[in-house]
Amino acid sequence: MNELFGTDGVRGVANEFLTPELAFALGRAGGHVLASHGAKRPVLVGRDTRMSGPMLEASLCAGLASVGLDVWKLGIVPTPGVAYLTKALHAGAGVMISASHNPIEDNGFKFFASDGAKLPDAIEDEIAARVAAHAALPRPTGDEVGEIMERRRVVRAYERHCVSLGTSLAGLTVVVDAAFGAAYAIAPRVFEALGATVVPLHCKPDGRRINVRCGATQLEPLRTAVGAHPGSVGVAFDGDADRALFIDERGGVVTGDHILAIWAKELSAAGALPKRTIVATVMSNIGLERALAESGIELVRTAVGDRYVIEAMHRGGYRIGVKQSGHIIDLEANTTGDGIATAVKLLSLRKTAGSLAQLAGSMRVYPQVLLNVRVSDKRKVQEDSEVVRAIDAAVAAMDGSGRVLVRPSGTEPLVRIMVEGPDETQIRRVAEAVAATVQTVSSRIET
């Protein structure tokens with residue numbers, strides 16, 4: 001992998017690393033490379049609500065137009081909306097400007113090929129190489145310059161697609177926490193179109209508060225709102241709405257693992273689960289694996305990142321995959337994780353079963369401690385002998401009763417530590433010991 005594109009596109013602090021100049025260079029290099037690989041139709045560009053979005057959008061679109069590609073600006077739209085529309089409208093490519101669940105100061109660019117899938121690594125590498133080399137690229141003039149057009153109305157096609165995936169939700173009250181992000185308008189409309197009563201929460205386009213103590217990264221406000229509306233359920237999206245988490249009628253959290261356990265069993269019973277197999281990352285709870293095994297369903301694990309989940313799905317011919325954070329991929333509905341589509345399907349199943357709490361109760365969640373340590377150099381810390389010894393000691397302490405996973409974040413300067421097992425006191429002690437070592441080693445490397 002090149003140094004510009006991470007596991008989920010190009011990300012960084014807007015106007016610091018992710019400058020308008022870099023956005024312009026990405027537009028020019030990306031447009032030129034995509035055109036050389038056959039992208040002649042317009043490029044779709046969407047964004048979330050971040051304050052830096054319009055600035056980066058202007059620079060990216062200018063770069064694309066300067067190498068002769070037309071651009072359709074979709075405005076504020078979920079990431080899966082860009083992916084779906086790119087494929088449905090036979091666009092040349094798609095670009096989403098968002099940093100998903102990251103803090104408000106971050107932003108990013110995620111490129112989609114004409115089929116709505118993530119760009120192949122080779123094309124990302126080619127784009128990155130041209131940006132790094134400040135390559136001289138064509139500068140067409142006159143009517144060969146690309147045209148930049150507003151095309152916000154086409155987003156309704158994605159909205160209709162989401163509605164088509166569900167059944168009537170009449171009689172159900174849904175509290176919708178849009179995290180002040182990309183789903184602020186479209187998610188409430190989708191649920192209302194299906195007949196649900198919607199209670200909006202953080203459903204405003206406020207880039208100063210996107211993901212701040214709300215949405216899928218902070219569920220307490222949603223839990224409180226659900227409690228204030230007896231019998232309701234809650235759904236929380238992150239900033240770009242590629243994931244969804246839920247609060248059930250009793251105030252319980254319904255994670256991506258719960259969703260996949262519920263949905264996989266439903267599909268398997270209907271004969272609609274290819275090879276009776278689903279895909280999840282190493283972060284998924286062991287409870288998911290055991291719940292699936294009870295129904296004769298196999299779980300294939302991958303490294304963390306939707307790119308790895310999707311690669312495994314294509315390689316094995318599987319239909320659905322999951323990240324524990326609520327990022328559910330159904331290749332029959334979209335090419336990437338889709339929070340709104342996930343919510344529509346899960347709440348449709350809930351309508352049949354009677355309650356979301358009952359559905360979620362089919363999977364036991366084993367205690368899991370997740371710690372993030374900010375570090376100066378992820379690779380050096382991960383490979384340090386002292387950290388390796390700490391990890392080995394943690395595995396030995398668990399003595400086969402659980403799992404220990406230490407990995408660098410693909411999008412932030414963090415080392416993520418996960419310890420899972422039956423005894424919460426023990427796993428917290430083990431996780432904190434590893435975290436302390438990682439912090440010590442990072443401080444030593446930095447100085």
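**Close-up 1. Asparagine 211 in the loop between β8 and α7.** In this predicted model, asparagine 211 lies in the loop that runs between strand β8 (197-201) and helix α7 (220-227). Its backbone has a positive phi of about 65°, although asparagine 211 is not a glycine. Most residues other than glycine have a negative phi. The relative accessibility of asparagine 211 is 10%, and because buried means under 20% relative accessible area, asparagine 211 counts as buried.

**Close-up 2. Histidine 90 in the loop between α3 and β4.** Histidine 90 is placed in the loop between helix α3 (79-88) and strand β4 (93-97), and this residue, which is not a glycine, has a positive phi of about 55°. With a relative accessible area of 59%, histidine 90 is exposed, since the term applies to values over 50%.

**Close-up 3. The packing of helix α5 with helix α6.** Helix α5 (residues 155-164) and helix α6 (residues 186-193) pack with their axes 9 Å apart and at an angle of about 45°, and the two helices are therefore oblique to each other. The crossing in which α5 passes α6 is right-handed.

**Close-up 4. Residues in the contact of α5 with α6.** On the α5 side, Val155, Arg156, Tyr158, Glu159, Cys162 and Val163 take part in the contact, and they meet Ile186, Arg189, Val190 and Ala193 of α6. Sorted by class, the contact of α5 with α6 has seven nonpolar and three charged residues, and no polar ones.

Note on methods: Residues numbered from 1 in each chain as written. Predicted model: local features only at pLDDT ≥ 70, side-chain atom pairs only at ≥ 80, totals over all residues. Heavy atoms only, no water. Helix = DSSP H or I, 4+ residues; strand = E, 2+ residues; numbered from the N terminus. Buried < 20%, exposed > 50% of the residue type's maximum accessible area, 1.4 Å probe, protein only. Axes fitted to C-alpha atoms, helices over the stretch in contact; angles between N-to-C directions. Parallel < 35°, antiparallel > 145°, perpendicular 65-115°, else oblique. Left-handed = near helix turned anticlockwise from the far one by under 90°. Contact = heavy atoms within 4.5 Å. Nonpolar A, V, L, I, M, F, W, Y, C, P; charged D, E, K, R; others polar.
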